[in-house]
Amino acid sequence: MLKQHQQLKFSPSMNNNYQGWQGDLNSVYFDKENIKNTLMNLNSPCYILNKEGQIGISNQGSLSYSANGKTQKLEMLLTVPAIGFHQLGDPAFLEFYSVKYAYMTGAMAQGIASEEMVITLGKANILSSFGAGGLSPTRIEAAIHKIKQALHNKSYAFNLLHSPSEPAIERRLIDLYLQHQVRIIEASAFLDLSDNIVYYRAAGLSLNSANEIEIKNKIIAKVSRREVATKFLQPAPTKILTQLVEQGLISELQANLAAKIPMADDITVEADSGGHTDNRPLVCLLPSILELRDEIQRKYDYEKPVRIGVAGGISTPQSALAALMMGAAYIVTGSINQSCVEAGTSEYTKKLLAEAEMTDVMMAPAADMFEMGVKLQVLKRGTLFPLRAQKLWELYRNYNSFAEVPPDEIEKLEKQILRKTIAEIWQETSTYLSQRNPEKLSKAANNPQLKMALIFRWYLGLSSRWSNTGEKGREIDYQIWCGPAMGSFNNWVRGSYLADINNRRVVDVADQIMTGAAYLYRIQNLKIQGLQMPEEYSQYHPQSRLG
């Protein structure tokens, strides 16, 4: 019978009586600290050994084969091999993008996913996507120059945020990406394929010397619906390809090649995330899209099947490993990177994010699709934005014009939320729209409810910028895109060096999550083989920087 203080226990029914172990007895550890260190040595195998009823562990030695599995008074119980990061996720993802992890950071609009973030991760051979959404073409072009100069031949991505109401803006961005040879884009918010994204995909196709299709312009599509995933899993629509050929934008050869490959190389299944989200549970959404991928793959028989990754809720080693074990080719982090040093957010916002719990988020009206009632997920702790944004939506829904709104409501609106008169805001809005969208401005002149929506959009649009720039006096109105992953991350790093926002660096976060996932995979492997261990071994906490 094992002693009560024994650290490890073993289920005899799982024993392998054919393997033995040969090695130095001094390399076998039985104490708590050395057991944990041995388990953490992921580059070496682990041997679990029995010495007179006491279970020990070693990274050294080798397997031997004997009649009863016993050598040197040690009984060989089980072993797990070394684990490399290339074993987590799809190795094809690593090869395709020349990265070290099946891990990337997603684009967060308005430059929250900043040049510094993309460059820092790129230098560490980790894929990152620049948050181009909501930025001017001039600002995006400057980011392209800066990132290209810093990363040279290393991989990086730029976001393409779908703009169905402003296709000219989307085309300008595609032209920029093609002009400057941005080879990876992360396509998000698409409900249907646009001519622009098909143009980008097809314009990068050619045949190499071996007569194989060469894909220069790679697409990672972020989706949360099967119908949208289907469009990216299939080849580009023939109708759009024909139009592009007629316009002289692509060649006949490129159109023919585009008909043989999927629209996307990778699809990121987005579950309960910050910002725009359908709040879908990952455990339901991922299997559904994987099944859809397999169904379409059987139909088209692509040489390289589309890889399916996940985003939304990924913030700890446990969530990362769970996603990978469910079949995800790669994982994408978002909310948690906003609180890192390299993020394009203000220090005040980073502090609020670092204090967030999982329940400190709620849905609020979105600026870009306000009239449709579309919502996004934001932080509610430390800000009144979600409640005030909801108040604007209620006013818009209940009244056809400002003339119908009671005077006391107008007074509260101007003094508490907008902090400007409606007339002043309309003047600013008119000046902006006269340059960017004069057609919408003329419609608003005859549509008082549209005018109301545009004035409310002024607040909704600026509130996220105030959060990024750290606008003084507007802290209570900061719009901070955030999912429950932020609170989960904060709980995980509590008590570690990553609890301090000054220590939160995107590469460290990636390293710790992936190292933790590999460690937990090892622990689960041992448990499945019959090893029983205290729960403290089943946890991974970032206590210090990785070497």
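A crossover is called right-handed if, with the strands pointing away from the viewer, the path from the first strand over the helix to the second runs clockwise. Helices (H or I, at least four residues) and strands (E, at least two) are DSSP runs, numbered from the N terminus. The model is predicted, so local features need pLDDT of at least 70 and side-chain atom pairs count only at pLDDT 80 or more, while totals for chains, interfaces and linings use all residues. Residues are numbered from 1 along each chain as its sequence is written, and side-chain values use heavy atoms, with hydrogens and water left out.

Strand β8 (residues 103-105), helix α3 (residues 115-123) and strand β9 form a β-α-β unit that is right-handed. Strands count as paired if DSSP finds at least two bridges between them. β8 and β9 pair in the parallel sense, over 2 bridges, and Met104 has Leu127 as its bridge partner in β9. A right-handed β-α-β unit is also made by β9, helix α4 (residues 137-151) and strand β10. Here β9 pairs with β10 (residues 157-161), in the parallel sense and over 2 bridges; Ser129 stands opposite Ala157 of β10. Within β9 (residues 127-130), Leu127 and Ser129 point one way, Ser128 and Phe130 point the other way, and all are buried. Buried denotes under 20% relative accessible area, exposed over 50%, and partly exposed the range in between (1.4 Å probe, protein chains only).

Helix α6 (residues 195-203) is mostly covered, with 7 of its 9 residues buried. The buried residues of α6 are Asn196, Ile197, Val198, Tyr199, Tyr200, Arg201 and Ala202.

The structure holds 20 aromatic pairs. Rings of Phe, Tyr and Trp (its six-membered ring) are paired if their centres lie within 6.5 Å; planes under 30 degrees apart count as stacked, over 60 as edge-to-face and the rest as tilted. Phe370 and Phe456 make an edge-to-face pair, at 6.2 Å centre to centre and with 80 degrees between the planes. Phe370 lies in the loop between β19 (361-365) and β20 (375-379), and Phe456 in helix α17 (residues 448-469), so this pair ties together parts that are 86 residues apart in sequence. Phe370 and Phe456 are both buried. The ring centres of Trp458 and Trp466 are 6.2 Å apart and the planes stand at 80 degrees, so this pair is edge-to-face. Trp458 is buried, at a relative accessible area of 11%, and Trp466 is buried, at 8%. One aromatic cluster is formed by Phe370, Trp393, Tyr396, Phe402 and Phe456.

Charged side chains were also examined for positions over rings, a charge being assigned to a ring if NZ of Lys or CZ of Arg is within 6 Å of the ring centre and within 35 degrees of the ring normal. The charged end of Lys218 sits over the ring of Phe96, 5.2 Å from its centre. The charged end of Arg307 sits over the ring of Phe96 as well, 4.6 Å from its centre.

Most residues other than glycine have a negative phi. Gln110, which is not a glycine, has a positive phi of about 60 degrees. Gln110 is located in the loop between β8 and α3 and is buried, with a relative accessible area of 18%. Arg419 likewise has a positive phi, near 60 degrees. Arg419 is placed in the loop between α14 (407-418) and α15 (422-436) and is partly exposed, with a relative accessible area of 40%.
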